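Please have a look at the model first.

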Amino acid sequence: MKIDSKPLRYAHAEGHTDVCYTEDGKNIITCGHDGDVRIWLDIEDDDPISHCVGESALAICFKEKRLYVATDNHAVQAYTFPAFDKDGIVTRFTAPVTQIKSASKMEALGCSSENMEAKICSLEGGAPLFIMSQHKGPVLSIAICPHMKYASSASGDGVMRIWDIDTQNIVKEVSCVTKINTFYVAKALCRMDFEPLEGKYLAYPNNREIVLLDCESWSQRMTFTHGLIKCAISQCLFSPCGQYLAGSTVAGQIAIWEVQTGTCLDVVEHPTSHNVSAMAWNPKGNGVLAYCDVAGQLGTLINCYGKDSRQIGDNVDVMDDIEMVERDDDNDDIVDNLIGNDSDDDNAISLEKIKNETLGLPIEHDDSRPPSRVAPPSTVPPQGPFQPSSTPTHLEHRYMCWNDIGIVRCHTSENGESSIDVEFHDTNIHHGIHLNNYLNHTMASLSSTVLALACETPSKLVCISLVGSSKEWSVSLPDTEEVLCVTAASGIVACATNSRLLRLFTPMGTQRQVISLPGPVVCLAAYNTTVMAVYHKTDPGISDQHLAMDIIATNGRQVRSKTVPLPLTPSSKLSWVGATDVGSPCAYDNTGVLRLYDVASGVWMPICDTNNHSRGASDTWFVVSVSELVQTVRAILCRGTSFPVTAPKPIINELPIQIPLCELDSEKSQYEEQLVRWAHTTSDVDVKNARETALKLFALACRSEIEQRAIELMELLKDDRLLILAAKYASRSGRIHLADKLSNLADIWEKEADKMNVAQNTHFQELDTQETYDVTSTEQDLNTSLIIPQKTKEKKIENITPIKPVPIKSSPGGVRNPFRKQQEAIKVQSPLSLTERTLVEVHSTDVPAENTLPLKPLEGETFVDWFSRNKQTLEQQQPELTPSELTRHGVRMFKSIQTKANNNETNGQKRKIDDLTETSDPPVTSASKQSKLSAFAFQKKT
């Protein structure tokens, strides 16, 4: 049977309104912003009993013939019922009380307040049984399980906490609450509820769904949602029998689900779309649900169980009589057996089964619904599309885009008129722009060349060029497509649609490409001519989003793409995606971790944890841009919210980039962090500083008496100059053994150079075929290296004629000329073209050249540097060799050249020694062996 809604009744003045039932279900009691408490016989009661309790009353609860009201003096006042006489104060707070909650099996009250505290109090007053005081924001709601084992509270700091009442500790925290600073501006109240019979489950709202937790393992059992639900669910409430679950949204929608199967019975729309502030089930279990809204109106829903509420009410009355007879006869075996028969089902007690089996009636099975089954583990909902560096669209004054180029703001007035303001950080790029938002644009992206605006309906992309005469162009998408995300860079404009298409345009409006995305888009970012598209690669898991990023590089007519998985912190969502000032992709999740993708190594690295820079638990950071050159993250601190306000203009803070290594407080870890960060980011750091940091790390290892770590560091860095400095430090500090080992490292590196160079060359050639490229580069060779065949590429290199210097006559004084041309280049000249300077160069043999051998390596040059410098010459000499054969040929040539050079140096040194000896002692050197001996002979005197 369809759920029926009774007409709304005026109950109180506009503002937060609460509602509850008496325990017998015969009266509805409401309280409101006007300070009155009204007692209704039914929704159709035209003359309810009214009592004034103060200037305002925010919460009300009925328990054991007493009425508990949250008054304006921040106290929970007890009243007798129906006389409505004051019966003492249960507890007091220092701020308004936001909710009062109890259960039928519980002899206590749960109270929450704006002073960031929640209490569990005795019905008779006195000291609180339990005070929950670890909240960082106003407490919006509270729930207690029927056996008083667990309690749950939701606060404005964005966290729902589950408490163990016995130990008074937190057992679980869930981020599902909208962050606010005061109860009066909260739209989603996050009213959660425990299963009323056994307390086996806890239901809480999370965005557009209700999540059901198992109270034993605190794992997610299932979720409840529906396609007609348009906005966030504010509260949920179990029926008295625990078989049905009601949920209300901030737009006034009320949905009823069956707990066992997860089937949504119906979604009822609010006539005026006001936010529902409170709900209450009739304790009779007749399927009647009363609710109030923020406009002070009272309404009821009947037939919420899918059956006629009047028939259910009559059956419940009969069941009450049967239960009274059973209590008088002390016959509890029947009920125990009936409960035991239902042990296979998730229901604790079925009133319908008890009634039928006690009276001997046949059990009716409803074949229209599927049989009871254990629901499979539910997954988190997929994250919807969003614009990086933007604030929510429902705000009247919001940021549409904030990046390193400028700020795009949107202002909406009360009459619905909207305008867009564009502010540039550098006015040399462009002056400020003011636009009337006639098309109701909700998405924007700003670059140095173009401003891109988009809206969902009508689905249209509008771009304003910032170069030249600021021409505007627009394009309308097909009727079946809606724009979900938009991005703009200096060389490209892109938008993603609900048809999973990525449409690329040039900054002046030429349609560039249409690409199909493998999954639903989440967000877009761009840098130069590269687009980064983030989408769902698979369905989300139990707690995680499974995202991937396509890095699409364009250059001319060519398009290249690379897909990389996007890592996130467990149970988190993506908050921002962008590129650094040198083009490295970055991602930031809502837990405060910023990651950078190193294109060279193909790995994601955490580079900043913004939680280390926050003081309060409810503080978040709004990322604007990331700079690798300066090694900083530009972000805005948001206190108590997840986005900045438009007025006053927030201040941008610069957070340092820091790799989260272990023990960063120690000096050793700080030096290691610098080396790791400089190795994987494009930082503006001097080589001298890097070597100095590495040498300090080497010195720390020496002082710690760990010489093997010092040698390991040198082997890891493999810097010849650093090795010399380390050897000098070791020798001066008295570590002769370590200095000898470091001296031997240079010889070991030289011996292993050939094998390592060949292996590295082969390895990097394989990596080239696997598309490990820099997608931010705009060079044509980079774009076409994987598209043009290898032979064509080599042919192209051969046709390039390098610019060579004109041969210069060597100076007569024997001074070496570093720009002197090699002898090899002269043989191609014709005798007719030889000038006097060239002839002198050819026939001059008196003055030796600096590099007379062809391709002679420079002093201290390794094979890798020599091969990269002369690779083009070797390719011209041996065009028929493959790359691997060319490498082997280069190794042989490098060895032979080094051998010849060493021999020449040895001969030259011998000749030099002989010359010096002749100069110093010419008689001995020129004399014969006999004359030499005669000089020492004995001569007899005469």
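## The whole protein

What percentage of the 942 residues in the protein is buried? Buried residues make up 47% of them, where buried means under 20% relative accessible area, exposed over 50% and partly exposed in between, with a 1.4 Å probe and protein chains only. The protein has 16 helices and 52 strands; these are DSSP runs numbered from the N terminus, with helices being H or I of at least four residues and strands E of at least two.

A word on the model: it is predicted, so local features need pLDDT of at least 70 and side-chain atom pairs count only at pLDDT 80 or more, while totals for chains, interfaces and linings use all residues. Residues are numbered from 1 along each chain as its sequence is written, and side-chain values use heavy atoms, leaving out hydrogens and water.

## Helix α7

Helix α7 spans residues 720-732, and its 13 residues reach 19 Å from first C-alpha to last. That is close to the 18 Å expected at 1.5 Å a residue, the expected span being 1.5 Å times one less than the number of residues.

Which residues of α7 are buried? They are L722, L723, A726, A727 and A730. Seen down the axis of α7, these buried residues fall within an arc of 140°, so they line one face of the helix; the arc is taken from the directions from the helix axis to the C-beta atoms. They pack against α5 (687-703), α6 (707-717) and α8 (736-751). On the other side of α7, R721 and R732 are exposed. Just after the helix, G734 takes a positive phi of about 85°.

## Aromatic pairs

The structure holds 13 aromatic pairs. Rings of Phe, Tyr and Trp (its six-membered ring) pair if their centres lie within 6.5 Å, and planes under 30 degrees apart count as stacked, over 60 as edge-to-face and the rest as tilted. Y150 and W218 have ring centres 5.0 Å apart and planes at 85°, so this pair is edge-to-face. The pair links distant parts of the chain, 68 residues apart: Y150 is in strand β16 (residues 150-155), and W218 is in the loop between β21 (209-214) and β22 (220-224). Y150 counts as buried at 13% relative accessibility, as does W218 at 11%.

The rings of Y399 and W402 have centres 5.1 Å apart and planes at 55°, so that pair is tilted. Y399 is buried at 0% relative accessibility, and W402 is buried at 1%. Elsewhere, Y244, W281 and Y305 form one aromatic cluster.

Notes. Contact = heavy atoms within 4.5 Å.
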